[in-house]
Amino acid sequence: KLQVPKALLESEEVQVFEGEWDAEGVWVYQAFRDEIADWALEHQNFGGPAWNPTRMTWVKPSFAWVLYRSGYAGKPGQTRVLKVKISHDTLAELLSRCQCKEGGGGSKGRVQWDPARDLLSGEGREPRRLLRKRAIQIGLSRELSELYVEKALRIVDVTDLSRRVGAAHASGKKGDIDALKPLLPPERPYLPALPDVALQSLGMLPGDTAVWLGQIGRGKATGGSSSKGKRK
């Protein structure tokens with residue numbers, strides 16, 4: 001799989017996973033405080049005295065979305081944005097054990113589809129909200145969080161880029177964001193290597209979940225709003 005069929009891209013009945021990916025794997029983003037980020041970059045893994053493995057951790061394939069959640073790496077406890085690469089098989093394993101449903105999903109793994117954000121334009125103090133697209137958020141706890149930590153392939157600090165995008169959005173000048181385009185992640189549609197039944201359960205193929213998400217209306221948060229209960 002991996003490549004999204006044209007028919008799905010043209011359909012408004014399913015959700016499309018978008019992110020940066022290549023033959024090796026998929027990049028996801030998280031925002032942390034300095035102590036966690038410094039340890040992760042030094043050890044190329046997550047851990048250390050400030051890391052709490054018992055909390056649900058949320059990963060975001062959309063760079064614009066982590067900029068929104070972290071305030072361009074400016075909110076307390078979210079002053080560092082990290083980019084983490086995991087293999088296609090690891091992502092598939094994590095998603096296969098997640099649920100997407102009204103009220104927030106499963107206790108070990110959750111998938112939420114929240115209003116997507118535009119990396120190329122700002123609106124006030126945040127990336128512009130896109131009304132007809134959603135971005136996937138993946139919540140991991142317990143053994144799924146441990147699996148994610150164990151299988152991380154690479155961890156990169158993109159805090160400086162996050163703040164530069166924020167400054168470009170704040171200026172409102174097209175030339176400022178244009179100058180950053182060569183540095184921005186080339187995100188594109190992606191179809192995880194999962195059985196069709198699993199993709200249907202997460203809203204990425206036509207089925208009951210896709211119908212339910214469609215009834216909520218594009219651009220509106222799901223029943224399990226991403227604004228509550230998340231590790232940033």
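This is a predicted model: local features need pLDDT of at least 70, side-chain atom pairs count only at pLDDT 80 or more; totals for chains, interfaces and linings use all residues.
Aspartate 118 sits in strand β5, which covers residues 109–123, and it counts as buried because its relative accessibility of 16% falls under the 20% limit. Leaving aside residues up to four places away in sequence, aspartate 118 touches Ala64, Pro127, Arg128, Leu130 and His169. Of these, alanine 64 is 54 residues away along the chain, yet its C-alpha atom is 6.1 Å from that of aspartate 118. The side chain of aspartate 118 also makes a polar contact of 2.6 Å with the side chain of serine 121.

A search of the whole structure finds one cavity of 30 Å³ or more, and the largest cavity holds about 50 Å³ of space. Its lining, which includes Val4, Phe17, Tyr190 and Met204, divides into eight nonpolar residues, one polar and no charged.

Side chains of opposite charge can pair when their charged atoms come close, and the count here comes to 18 salt bridges. One of them joins lysine 6 and glutamate 10 at 3.9 Å, N to O; lysine 6 is exposed at 61%, and glutamate 10 is exposed at 56%. Another joins lysine 133 and glutamate 18 at 3.1 Å, and this pair links strand β6 to strand β1 across 115 residues.

Aspartate 22 and lysine 85 meet at 2.7 Å; because aspartate 22 lies in the loop between β1 and β2 and lysine 85 in strand β4, the pair ties together parts 63 residues apart in sequence. Aspartate 22 is partly exposed at 33%, whereas lysine 85 is buried at 2%. Salt bridges that share partners join Asp22, Glu24, Lys85 and Arg154 into one network.

Technical notes. Residues are numbered from 1 along each chain as its sequence is written. Side-chain values use heavy atoms; hydrogens and water are left out. Helices (H or I, at least four residues) and strands (E, at least two) are DSSP runs, numbered from the N terminus. Buried means under 20% relative accessible area, exposed over 50%, partly exposed in between (1.4 Å probe, protein chains only). Contact means heavy atoms within 4.5 Å. A polar contact is a pair of N or O atoms within 3.5 Å; within protein, one must be able to donate a hydrogen and the other to accept it, and residues adjacent in sequence count only if both atoms are side-chain atoms. On a 1 Å grid over the protein atoms alone, a cavity is a set of points where a 1.4 Å probe fits but cannot get out, and a pocket is an open set with protein on both sides within 12 Å along at least five of seven lines; lining residues have an atom within 4 Å of a point. Grid points are joined across faces, edges and corners, and a volume is the space filled by probe spheres set on the points. Ala, Val, Leu, Ile, Met, Phe, Trp, Tyr, Cys and Pro count as nonpolar, Asp, Glu, Lys and Arg as charged, and the others, Gly among them, as polar. A salt bridge is a side-chain nitrogen of Lys or Arg within 4 Å of a carboxyl oxygen of Asp or Glu.
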